[in-house]
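The exercises below ask you to read a chain step by step, from its overall make-up to single residues. Please look through the sequence and the structure before you try each task.

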Amino acid sequence: MGSWKLFRFVTLIPQRSFLKRKSSNGIDIQLQGVKFLNLQSHKLCLNGRFQISTTPGRLLLKLSPNLIRQYRSIASGTISKADLKCSFCNSQAKKNIFEKVESFQTIASSEAPASLWYGKESSTRSLPVQIVNALKLGDRNEASRLLSGCAAGSHALNADDFAFILDYCAKLPDPLFVAETWRILEEKNVALGVKCYLLMIRALCNGGYLEEALRLVRLLREKHRIHFVLSLYNYLLSACAKMQSVMHANHCLDLMDCQMVGRNEVTYTALLKLAVAQQNLSAIHECWKDYLKFYNINIISLRKFIWSFVRLKDLESAYQTLQHMVALALKEGTCLKKTLEGNLFCPQLDIPIPSNNEVDLKGSYLNRNEHLVPSIFDGEMNTQTSDAQEHTLFGTEDRTSTIVGVNMFNGHKSILIRKVLRWSFNDVIHACAQAQNCQLAERLMLQMQILGLEPSSHTYDGFIRAIISEKGFGDAIEVGSNLKPYDSTLATLSIGCSRALDLELAEVLLNQVSESLSAHPYNTFLAACDAMDQPERALRMLAKMRQLKVKPNVRMYELLFSLFGNVNAPYEEGNTLSQVDADKRIKAIEMDMFKNGIQHSQQSIRNMLKAYGSEGMTRELREHLRVAEKQFFLHNASLRTDLYNTVLHSLVEAKESQMAIGLFRNMRLCGFPSDAATYNIMIDCCSNIRCFKSACSLLSLMLRDGFYPQTLTYTTFMKILLEDGDFDEALNLLDQAISEGNQPDVVLFNTILDKASLQGRIDVIELVIEWMHQERIQPDPSTCNYVFSAYADCEFFSTAVEALQVLSMRMISDDDSTLQDKRMELEENFILAEDAEAESRIMQIFHDYRENLATAILNLRWCAMVGFSLSWSPNQSLWARRLQSTYSIPRTVA
């Protein structure tokens, strides 16, 4: 009697595209706005040739054997589609059915080859194929020439022929050729069908021409009386959401209201995407309320709302919606299905059915199946769990509420539900990481365990990020040790270790990664290597990246210029050998950068210029500055200022004062803006040439441009005064800097101590040391060096050692009680230790970048070795008490 098969021109079509309402006489089926059937039941047979059957979520045709043979003849090209139409339908009504179904399939898939458009007649109608082939080859002129002559003479084409061309343009998309086709058709007065207009609108939307698409819809509605179905407006709304155009979306909604086409789930999906793109949380809540007025919620719609809430960081609403989804998923009869394209959908009628349940994002999901939700998860975001609830979860007395979810999700039909639930749980857990809500993330992981949902690698990533954000990477490492080591999880843990500068552990984690990941975890590791000055470790990681074929990005090259762009700096000045080596490194990095198609960024240019400057390569420095000006930053004035500052600083450090002055003059002549850093650099240049007058002129320009002197500015002016031995003016300037509210630092005081030590000005040194103590500025190793050298050069050896002890103690802490607490540990393990590993332990402190502490311990150890007793109350020493009583600090400071 025939078999159930999929008709070539009607594939599996979601039922929501057809079924509009159910009446007492049966189900009315409406296709593209034309009602053509009324089913008394769910099956209808026409002339024994085919039978239509509607099943949940799809529409099938049951074909007779004769009709199947005719259809196979179409596919092989032995008979034309026109012949089949004649044998298939004798009446005009049945012919309309066939044409409407064919038209819908054309718009829905648009994947049929040319043989399905033309069949046997394709040999005589090759002109549309020639036009499409010309477009594929990029020969627009040839395609336009063929198009110009196709609407007249012996080559005249009909609407179906143009639909073939427009379909290709819609898929490409090529809205400009569509516009040209439309113009020619209007000139030749060629009549087009609805299908052609639909393809035109689709091409315009895909190409981003939203205004033209809406204008075409309005024109066809007003001039040609053509009214489109809801699916077209949904397509327009989706395009508006993709382009983030609120104005065009509002115009589209106005057209929908004028035509009274209503809304469906696809409409709300487009509106949600548009609201997320515009970061409009209130619009999402309005969509939620509007949706509940007309539809009963389902798992797919809840999934979309959760996605929207998470993107806009509304964790509370996302959590509440997730609990609604869990309750609905546990409800008996809930199921999901998949289309041929792989999209998930709920097999229910897409018609307005208001929700029967009271759903509120601020409350709980109130229905008769509320008991199916695990008991610890109430409707509020409460992160506390009582002992009784814990007993219910893990005890043995009452496990009904904990195992019912697992039982409900057993079976083949629940696979898709579990997948959607896992997606939503992942979204909310990642939102917990962003909101630093570790407790809620732990509760969600526990709920997944109760429901029988196996966490994915993406789930673990979000959970570990939540732990790192609140508890630190140490707890995350402990959690990660009990989990399956997914590559993405290892990368997440390594990022936390790199940010905590634990390079050894970060390297171990990254070495366990077996597949290529994004460059982000590796870049974070390279940044930590740069901060810790460990280029050797970074070099090993680069080899690992090349082994895994990790695709580099511009951030990686920014770090490479900083890591490997210099050889001797900052520990030694550049020489000929180091400059040649540095130049080779920079060129190799730049060549690899261009090889991977990556252009310079602002930071990469800056780091490259810094590398040249640190090695004293002034010629290469200026050459690359000119290249950067012409190639990258011609129209960005602020960026030019930043780069000029980098080059000026390098020239001043290299004592190339005249080159720096010339570059600064060029900036002023070209009208480039100067900032506070520019003026501070040039004032420092004046200290190199010992010109106080020029420094004052620069200060005047600085004040005129609205920049006030900073601590760095006063430090530079003091250097100029001290070059001339004017200690009194330098001390007055120090007093002025502090009285004006500038925060002094140790460099400011060391500037005076340096010159005073060289000239043996003990009085100035003691005044400045007491000043530092009153301002609670801790000394550094340079301070100890200047003071000790000054007393030793004057042969005050006992005072030199006593001052060294006091300053070293203050380097550890300026609080006597803190020193007493550390006394035992420091004396036993470092200062008075006699074992062979004592100095190795002190050097380890240097490796940990605690230079001041290590220097203080070495100073105190030396003092003990030469026979001086240690006093852990530095403020009670005779030297400190004498300075306090002898030198009075200026009134503005005291």
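**Exercise 1: the chain as a whole**

Residues 24 or more positions apart account for 66% of the contacts in the chain with a separation of 6 or more, where contact means heavy atoms within 4.5 Å. This is a predicted model, in which local features need pLDDT of at least 70 and side-chain atom pairs count only at pLDDT 80 or more, while totals for chains, interfaces and linings use all residues. Residues are numbered from 1 along each chain as its sequence is written, and side-chain values use heavy atoms, with hydrogens and water left out.

Task: state how many helices and strands the chain has, and what share of its residues is buried.

Solution. Begin with the secondary structure, which comes to 44 helices and nine strands; these are DSSP runs numbered from the N terminus, helices being H or I with at least four residues and strands E with at least two. Then turn to burial: of the 894 residues in the chain, 48% are buried, a word that stands for under 20% relative accessible area, with exposed meaning over 50% and partly exposed in between (1.4 Å probe, protein chains only).

**Exercise 2: confidence**

Task: find which helix has the lowest mean pLDDT and which the highest among the elements of the chain.

Solution. The scale comes first: pLDDT is the predictor's confidence in each residue, from 0 to 100. The chain has a mean pLDDT of 76, and 73% of its residues reach 70 or more. Among its elements, the lowest mean, 32, belongs to helix α17 (residues 387-394), and the highest, 96, to helix α39 (residues 781-793). Over residues 1-63 the pLDDT is below 50, and this stretch has 148 contacts in the model beyond near neighbours in sequence.

**Exercise 3: the largest nonpolar core**

Task: name the residues that touch the most other members of the largest nonpolar core.

Solution. Such a core is a set of buried Ala, Val, Leu, Ile, Met, Phe, Trp, Tyr and Cys residues joined through side-chain atoms within 4.5 Å. The largest one holds 124 residues, of which Tyr-522, Leu-734, Phe-749, Ile-752, Val-768, Ile-769 and Met-772 touch the most other members. Its largest share, nine residues, comes from helix α40 (residues 797-812). As a closer look at one member, Val-768 is in contact with Leu-731, Phe-749, Ile-752 and Leu-753, leaving aside its neighbours within four places in sequence. Apart from this core lies another, of 105 residues, including Phe-162 and Met-256.
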